[in-house]
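Hello,

Here is the structure I promised to pass on. My notes follow below it.

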Amino acid sequence: MTEYFGTTVADIFATMPKRFKPEEAKDVDIVIGYEATGEGGGKWKATVKNGTLKVETVAGELTGCKTTVHTDAETFVGVTLGKIGALDALSSQKLRVAGDSKLLMLLLPKIFVPYEEPM
């Protein structure tokens, strides 16, 4: 699996359940799709509903998503780790959001503990 900044896209999604804060997501009902292109990329869907989280790998089309994030694998990892600024990635079109981008910027930091690079 291809690493960027010492981390893979799959590592980030694998840790989402551990980093999830259910008490902060009691009234949340959203499906977020992620498409990371290029080496080490893939498609994932995160469903948050009433304090629960389900993360799944998607083989086909991302359907049923209220918001979808499109980017390349390196940018996704870089933004997640804070190595690449999210606003810079958005303005350069390396990160595109279909749906409510403000919702993601406000919601995700509230319901997830930040990902930390493995030691």
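**Sheet and helices**

Five strands form an open sheet in the order β3-β2-β1-β4-β5, with mixed pairing. β3 (52–57) and β5 (95–98) are the edge strands, each with a single partner, so one side of each has no neighbour in the sheet. From one strand to the next, the twist averages 15°. Strands count as paired if DSSP finds at least two bridges between them. Helices (H or I, at least four residues) and strands (E, at least two) are DSSP runs, numbered from the N terminus.

This is a predicted model: local features need pLDDT of at least 70, side-chain atom pairs need 80 or more, and totals for chains, interfaces and linings use all residues. Residues are numbered from 1 along each chain as its sequence is written, and side-chain values use heavy atoms, without hydrogens or water.

β2 (residues 42–49) pairs with β3 in the antiparallel sense, over six bridges. K49 has T52 of β3 as its bridge partner.

α3 (residues 73–81) packs on the sheet and touches β1 (29–37) and β4 (67–72). Contact means heavy atoms within 4.5 Å. The direction of α3 makes about 110° with that of β4. Axes are lines fitted to C-alpha atoms, for helices over the stretch in contact; angles run from 0 to 180 degrees between N-to-C directions.

A73, T75, F76, V77, G78 and L81 of α3 are buried (under 20% relative accessible area, 1.4 Å probe, protein chains only). The buried residues of α3 pack against α1 (9–14), β1, β4 and α4 (86–91). Just after α3, G82 takes a positive phi of about 80°.

Best wishes

Definitions and conventions: Buried < 20%, exposed > 50% of the residue type's maximum accessible area, 1.4 Å probe, protein only.
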